[in-house]
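Here is a short briefing for a reader who has not seen this structure before. Look over the sequence and the model, then read the points by topic.

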Amino acid sequence: MELQQLVGVIELPRLVLFLPELIVLITAFVLFTLELALSKELKKIILPSLSAIGYVLALMSIGVSAQFKGDTFYGSFTSDALGSLVKIFALIIALTVLAFAGRYFSSKRSFYGEFYYMLAFTLLGAMILASSYNLIIIYVSLELVSIGFYILTALLRGSFISKEGAFKYLILGGLSIALASYGAVFMYIYAGSIDLRDIFTYQGKDYHYLVLGIVFFLIGFALKIGAVPFHFWLPDAYQGAPTPVTAFMASVGKLAFFIPVVRIMPLVQEKFSLTWTLTVGVIAAATMLYGNFVALVQKDIKRLLAYSSIAHSGYILAAVAVTKDIGMKAVIYFLVVYAVMAAGSFFIVAMLERAEGWENRVQEFSGLRFNLPYLAFGFMVYMFALLGVPPTVGFVGKTLVFMALSFDQLWWLAFIVIVSTAISTGYYVRLVVLMYMKEKEKDVVVPQRSYAEALSLVLLTVLTIALAVVPEVIWSLVAPASETLFTR
Amino acid sequence: MMEVIKGTFPFVSVSMLVPAVSALLVILLKERYAKAISIVGAGLTFLISLVVLYLFDYSKSSAVQFYEDYSLLKEFNVRLALGLDGLSLIMYFLTTLVSLVAILWSVRDRQINTRLKEYYVAFLLSESFLVGVFTSFDILVFYVFYELTLIPMLFAIGIWGYKLRLYSAYKFFIYIFVSSLFLLLGIAAVSVQHYFQKGHFSFSYFDLLGLSHSEGIGIFLFLLFFIAFAVKTPLVPFHTWLPDAHGEAPTAGSVVLAAILLKMGTYALLRFNVGLFPDATIKLMPFMVAIGIITIIYASWMTIVQNNVKRFVAYSSVSHMGFIVTALFLLNHEGLRASVIEMFAHGMTSASLFMMAGFIYNRLHTFNMESLRGSVKFMPVFAIIVAVTAFAAMGLPGGSSFWGKFLTILSAREYSYTLAFAVLVGGFFSAAYVLYMLKTLFLDVKEESILIHFTDIRGFKLVSFLFLMVPIVLIGFFPHLFFNMFDGSLSYILRHILGLE
């Protein structure tokens with residue numbers, strides 16, 4: 001009987017693997033319902049605290065779900081070490097975003113209840129994106145993240161640049177998803193499967209379909225991570241978005257968008273790896289050079305950090321070009337720590353933006369040390385970390401990239417990393433010099449600082465240094481994440 | 001394989017922790033305690049280094065003594081491996097001595113009148129990092145400390161410097177940071193070579209000593225390391241950051257910069273370039289010696305024409321560093337000896353010269369050579385100090401630099417008389433600029449009405465000069481005291497690493 005056969009193949013989903021996502025999903029729907037039901041005063045208190053509780057529960061449940069490895073939902077959802085690592089950091093950063101969002105929006109004299117559930121849905125999308133090999137699931141979760149970001153970017157309805165940024169992001173983001181799904185179609189034609197693992201182990205004859213598929217797929221994701229020449233939306237979106245959202249986009253967004261590319265890395269076959277190396281390497285070189293050059297002349301701090309984000313995509317892509325274990329470790333480590341650095345630096349900008357008369361100009365950082373010594377110190381740590389000065393995570397990331405590049409003897413790419421880092425010295429050190437060595441231009445007072453903000457910043461700053469000084473802690477998560485993918 | 005002797009007491013990490021903890025105390029306590037805490041902190045570190053000097057087993061100076069080892073990352077074999085062999089020992093002693101001098105000097109430096117807390121924190125931290133640089137036997141940890149020393153110096157120049165301080169601070173940071181990125185690539189590449197040859201990554205110096213590189217890779221890696229250290233040392237044509245940095249830094253900053261930070265370059269050339277790539281070293285030796293000699297002569301010429309006394313001393317440092325590099329790459333026992341003793345000796349004399357410039361600036365408020373004419377006339381004690389330092393720097397027998405220059409010429413003679421003559425010419429020019437300076441300070445006449453009001457040197461400043469004068473004379477008359485420290489290390493390098501002799 002056909003019906004019996006059908007019933008026979010039904011397997012119960014192993015929900016324990018899906019537990020963190022499930023909790024975030026429930027949180028998102030609860031937030032959504034409450035946002036409709038509650039009064040405005042209640043919402044201001046209940047929505048952030050409920051989100052925080054949900055995220056903390058999800059974070060705790062990773063401890064459970066990480067015990068079990070494997071696929072569920074008919075192989076469309078995979079729980080492995082890489083996914084768990086990404087989820088841990090995504091949730092931590094989402095928690096810190098909550099700490100900054102409330103006061104940021106109230107300083108703009110507005111409250112947006114939708115912020116909280118959109119954040120939850122975006123986070124959910126990022127978490128699923130980080131743990132799937134299935135092309136359809138990747139497509140759906142990619143859409144979920146992207147739509148969340150479009151809406152979050154446009155949240156400041158009164159501001160022109162917010163709308164402009166969101167519109168650019170919407171159009172180019174839509175294009176990128178179209179390209180990625182087009183690529184997925186070619187891959188399906190090649191192998192007759194929608195599972196990336198099957199596609200890359202399939203020994204088919206229509207080789208060109210696979211190449212075409214990968215190229216489109218890669219371009220789609222290159223758009224998302226802001227690789228040159230597909231980066232045009234990024235500075236505008238980052239500048240236009242409310243700054244806590246920018247922090248979330250630069251950290252969790254980048255982390256999630258990179259993961260499908262990372263998952264392909266170990267699957268690239270021998271005959272294929274030279275093409276991969278060259279393509280990704282050239283994109284990486286262009287990205288880091290362009291990002292750093294343009295960042296050098298920025299006058300707006302958010303745009304400067306946005307271009308620095310583009311440059312960091314370049315550094316990470318340089319390691320993506322090395323399809324070996326060491327390359328993958330470099331990518332994963334750098335991704336995670338870049339999320340921490342980017343979130344921290346944007347959060348400080350978010351706090352400064354609350355000050356009276358602050359316009360986000362780089363020049364306004366002059367003498368910040370005299371106004372806000374702790375914030376200035378934090379920002380200095382992030383600047384040195386982004387530059388790659390030891391003993392910060394940025395330094396360990398660059399070391400790993402160099403190790404990966406010398407492993408494949410990609411000296412030309414290594415020299416481009418050196419050149420672009422040299423260029424970046426100009427603007428990172430300039431900020432430090434402005435803050436510490438120039439006289440102050442005006443008084444900057446950040447009103448209504450909260451303990452949650454201080455705690456989040458301390459946490460991120462400590463992570464920025466601790467993950468480099470005591471690397472064994474994070475390495476126990478990074479190493480298995482890479483090794484399980486490579487031994488499969 | 002280098003011998004390793006574990007210490008019973010972690011002297012090295014304690015001498016890194018003491019300044020760091022003092023820095024923390026300076027931050028936490030009130031500003032008026034800053035000076036006292038820093039003097040106690042640096043003084044304590046100096047005392048610890050004296051104890052270490054006493055306890056060090058000089059019969060085994062090639063072995064790494066007082067060795068400590070804490071694993072940081074197992075997979076890549078990154079360890080906080082600290083220890084002292086003979087070569088490290090003398091640099092470590094130099095660090096603690098000069099850091100103490102710099103802090104003692106700053107106590108009465110009128111230039112330092114704002115942000116005292118940060119000032120002393122910068123100097124204490126830089127002492128801590130410098131100890132780390134000279135005692136690390138893990139190449140990645142070495143790099144971490146090597147880079148970390150940049151940050152306190154960036155602040156020292158940028159905040160308490162003279163007119164062009166921001167420009168100089170930028171230039172200093174960018175030059176050194178960018179050049180050391182090549183070093184980082186080199187370090188990463190060496191550990192990857194270890195993976196290819198031994199099957200796992202390692203950054204440990206002892207592991208990396210056991211590698212043998214093919215000729216191309218060896219030279220490539222040697223050059224990656226060399227770029228960083230050549231900028232740091234500095235060698236012509238990579239020296240242009242130095243006159244600016246020195247010229248604009250506060251006195252104590254110049255002292256630490258010239259006396260210790262530059263030595264990081266030559267120390268690392270000897271430890272890492274020669275140690276890890278012996279074949280490439282032998283191959284490239286003629287070029288290195290040539291660069292060294294060019295540096296000596298070019299920098300000496302540049303020195304004589306300087307108008308600003310700090311830039312004058314800065315260029316004279318460059319020419320001395322040329323001597324050190326020339327001697328180092330002559331690769332025989334006398335040469336290495338000359339190079340290491342000159343590292344220490346130049347630390348003493350350059351520190352003293354910069355302090356002289358700072359002292360005169362406090363009196364005359366100018367660095368202009370013209371205005372300094374006859375300025376030491378009514379300060380007899382100061383005049384004696386100036387004379388001792390200057391003659392020692394010139395290489396007069398009995399002074400500290402004599403052994404460096406004499407042994408360099410001696411070791412060059414082993415190759416050819418032409419080479420020895422070239423070094424001699426360099427020595428001649430360096431004598432010329434010192435004499436020129438002495439003439440300006442002592443013999444040229446100026447209206448005495450201003451000079452007569454000058455009070456002679458005393459107090460903290462005198463003490464800090466004395467800390468430098470004693471070793472200067474000691475090296476001059478009892479050089480074997482110092483040779484004993486590092487002779488073992490040098491013969492180890494020659495015999496076991498380079499396979500010469």
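Two residues are in contact if their C-beta atoms, placed from the backbone, lie within 7 Å. By that rule, and leaving aside its neighbours within four places in sequence, B:Ile293 is in contact with B:Gly322, B:Thr326, B:Ala422, B:Val423 and B:Gly426. This is a predicted model, in which local features need pLDDT of at least 70 and side-chain atom pairs count only at pLDDT 80 or more, while totals for chains, interfaces and linings use all residues. Residues are numbered from 1 along each chain as its sequence is written, and chains are lettered from A and ligands numbered from 1 in the order in which they are written.

**Confidence**

- The model has an ipTM of 0.94 and a pTM of 0.95.
- The average pLDDT of chain B is 90, and 98% of the residues score at least 70; pLDDT is the predictor's confidence in each residue, from 0 to 100.
- Where pLDDT is low, the predicted coordinates should not be read in detail.

**Contact between chains A and B**

- Chain A gives 22 residues to the contact and chain B gives 25 residues.
- On the side of chain A that touches chain B, the elements that give two or more residues are helix 17 (393–407), helix 18 (411–437) and helix 20 (472–487) of chain A. Helices (H or I, at least four residues) and strands (E, at least two) are DSSP runs, numbered from the N terminus.
- Helix 18 of chain A gives the most to this side, with nine residues.
- By class, this side of chain A has 16 nonpolar, four polar and two charged residues. Ala, Val, Leu, Ile, Met, Phe, Trp, Tyr, Cys and Pro count as nonpolar, Asp, Glu, Lys and Arg as charged, and the others, Gly among them, as polar.

**Helix 12 of chain B**

- Helix 12 of chain B covers residues 278–304, and its 27 residues should span 39 Å at 1.5 Å a residue; the end C-alpha atoms are 37 Å apart, which agrees. The expected span is 1.5 Å times one less than the number of residues.
- Helix 12 of chain B has a kink of about 60° at B:Leu284, shortly before the proline B:Pro286. The bend at a residue is the angle between axes fitted to the seven residues ending there and the seven starting there.
- B:Ile293 belongs to helix 12 of chain B and counts as buried because it has 20 C-beta neighbours inside 10 Å. A residue is buried if 20 or more other C-beta atoms lie within 10 Å of its own, exposed if 12 or fewer, and partly exposed in between; C-beta atoms are placed from the backbone.
- B:Ile293 and B:Ala327 are 34 residues apart along the chain, and their C-alpha atoms are separated by 9.5 Å.

- Helix 13 of chain B (residues 309–329) has 21 residues and reaches 31 Å from its first C-alpha to its last, close to the 30 Å expected at 1.5 Å a residue.
- Helix 13 of chain B is mostly covered, with 21 of its 21 residues buried.
- B:Leu331 lies in the loop between helix 13 and helix 14 (333–364) of chain B. B:Leu331 is not a glycine, yet has a positive phi of about 55°.
- B:Leu331 counts as buried because it has 22 C-beta neighbours inside 10 Å.
- B:His365, in the loop between helix 14 and helix 15 (380–394) of chain B, also is not a glycine and has a positive phi of about 55°.
- B:His365 counts as exposed because it has 9 C-beta neighbours inside 10 Å.

**Strands 2 and 3 of chain B**

- Strand 2 (residues 64–73) and strand 3 of chain B run antiparallel and are joined by six bridges. Two strands pair if DSSP finds at least two bridges between them.
- B:Leu80 in strand 3 of chain B is the bridge partner of B:Tyr70.
- Strand 3 of chain B (residues 78–84) is mostly covered, since six of its seven residues are buried.
- The hairpin of these strands has four residues between them, and B:Asn77 takes a positive phi near 55° there.

**Cis peptide bonds in chain A**

- Most residues other than glycine have a negative phi, and most peptide bonds are trans.
- The peptide bond from A:Val228 to A:Pro229 is cis, with omega near 5°.
- A:Pro390 and A:Pro391 are joined by a cis peptide bond with omega of about 0°.
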